[in-house]
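Hi,

Here is the model I promised to pass on.

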Amino acid sequence: MTASTVLYLVEGAVGLIVLIRTMRLIGTGVRSMMVVFFLFAMITFLVNNTYWIAYDLMLPDVRMPFSADELGEAAFMLLFASALGNAIPPNGVPFKKQAVAAILFSAASVALWIGWSGEWVQDIVGGAAYCYFLCVILRCAKQIGAYSRREWIVMGAACTATIALQAAWFHIPSSVRVFTETAAYILMFVMLVWIMVKAIAALRTRNDPKVCLALSFTAYMWVTTVVYMTAGVWYLFATVATCAALLLMSSAVRAAVRAEVSAE
């Protein structure tokens with residue numbers, strides 16, 4: 001059994017805990033489409049996780065150009081987007097800059113994935129869901145003021161630098177690729193730690209539940225980006241971080257539900 005398989009098992013266990021916590025929310029009589037979408041997203045996540053564990057155990061060295069997990073990942077991203085979008089519906093606040101940034105970053109990411117894997121169909125299908133999820137997150141974050149202007153600028157610069165460093169891999173000698181690759185990985189993990197710390201702080205201080213939702217979903221979005229753009233031990237660390245992001249989203253959903261119940 002490989003290290004990645006073990007981590008997939010841990011990820012599945014954490015996903016199951018989140019699923020049970022979400023089911024309990026519904027069991028208390030909560031009537032929230034956010035919770036329903038989040039529940040179905042976690043069910044899809046667990047099915048996808050089970051697929052990957054079986055694949056790792058049965059066909060560890062077999063290349064799979066297009067498989068069920070591509071549809072599974074797209075599905076739970078769209079369901080997560082629906083959960084967040086339902087909790088924070090559009091109110092007319094403009095977010096054109098964020099939408100353009102999301103589309104450009106997603107397009108660049110898809111180009112990198114295709115360059116690494118050579119799989120056009122699966123990367124474009126996954127990239128479309130990824131782009132939509134990112135657009136929803138940025139729209140919600142902008143709408144509720146989850147980030148300051150300076151933080152938006154820092155995130156934009158970090159995303160641009162990440163793409164540039166990753167793209168350099170295709171244009172520089174193999175002898176120096178390790179340096180740009182490592183720099184990109186360090187930058188992505190620094191961003192991940194910052195986003196997660198910000199989300200945890202919001203939850204600990206009982207901030208606006210909608211801000212907690214936006215921050216925790218951003219953390220999951222970024223850790224997904226890290227998973228898609230790393231390899232080796234960095235990929236394993238990103239998989240562990242995925243577990244933390246799932247727990248953050250679950251806690252934010254619970255906080256939002258408590259606030260909704262208290263307001264009634």
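Predicted model: local features only at pLDDT ≥ 70, side-chain atom pairs only at ≥ 80, totals over all residues.

**Notes on the model**

Residues are numbered from 1 along each chain as its sequence is written, and side-chain values use heavy atoms, with hydrogens and water left out.

Back to Ser109, which is buried, at a relative accessible area of 0%. (Buried means under 20% relative accessible area, exposed over 50%, and partly exposed in between, with a 1.4 Å probe and protein chains only.) Not counting residues up to four places away in sequence, Ser109 touches Tyr130, Ile163 and Met229; contact here means heavy atoms within 4.5 Å.

Met229 also turns up in the surroundings of Gln166. Gln166 belongs to helix 6 and is buried too, with a relative accessible area of 3%. Setting aside neighbours within four places in sequence, the contacts of Gln166 are Leu112, Trp116, Ala184, Tyr185, Met188 and Met229.

**The chain as a whole**

What does the secondary structure come to? The chain has 9 helices and 0 strands, so from the N terminus on the elements run α-α-α-α-α-α-α-α-α. For the record, helices (H or I, at least four residues) and strands (E, at least two) are DSSP runs, numbered from the N terminus.

The radius of gyration is 18 Å, which agrees with the value near 18 Å for a compact globule of 264 residues. That radius is taken over C-alpha atoms, and the globule rule is 2.2 Å times the number of residues to the power 0.38. Along its principal axes the C-alpha trace spans about 60 × 45 × 30 Å. Of the 264 residues, 48% are buried. Among contacts with a separation of 6 or more, 79% are between residues 24 or more positions apart.

**The second largest pocket**

Which residues lie nearest the centre of the second largest pocket? They are Ala101, Leu138, Trp152, Met155 and Gly156, out of a lining of 29 residues. Helix 4 (96-117), helix 5 (120-144), helix 6 (149-168), helix 7 (177-204) and helix 8 (209-229) each supply at least two lining residues. Helix 6 gives the largest share, with 8 residues. By class, the lining has 20 nonpolar, 5 polar and 4 charged residues. (Ala, Val, Leu, Ile, Met, Phe, Trp, Tyr, Cys and Pro count as nonpolar, Asp, Glu, Lys and Arg as charged, and the others, Gly among them, as polar.)

**Distances along and across the fold**

- Val233, in helix 9 (residues 232-263), is partly exposed at 45% relative accessibility. Val233 and Ala3 are 230 residues apart in sequence and 9.5 Å apart in space, C-alpha to C-alpha.
- Gly126, in helix 5, is buried at 14%.
- Ala164, in helix 6, is partly exposed at 47%. The C-alpha atoms of Ala164 and Ile144 are separated by 30 Å, at 20 residues apart along the chain.
- Glu260, also in helix 9, is partly exposed at 32%. Leaving aside neighbours within four places in sequence, Glu260 contacts Arg31 and Ser32, while its C-alpha is 29 Å from that of Glu151, 109 residues away along the chain.

**Cysteines**

How many disulfides are there? With a disulfide taken as a pair of cysteine sulfur atoms within 2.5 Å, the count comes to 0. Cys140 is in no disulfide, and the nearest cysteine sulfur, that of Cys135, is 11 Å away. Cys140 is buried at 0% relative accessible area, and Cys243 counts as buried at 9%.

Cheers

Notes. 1 Å grid on protein atoms, 1.4 Å probe; cavity = no way out; pocket = protein on both sides within 12 Å on 5 of 7 lines; lining within 4 Å.
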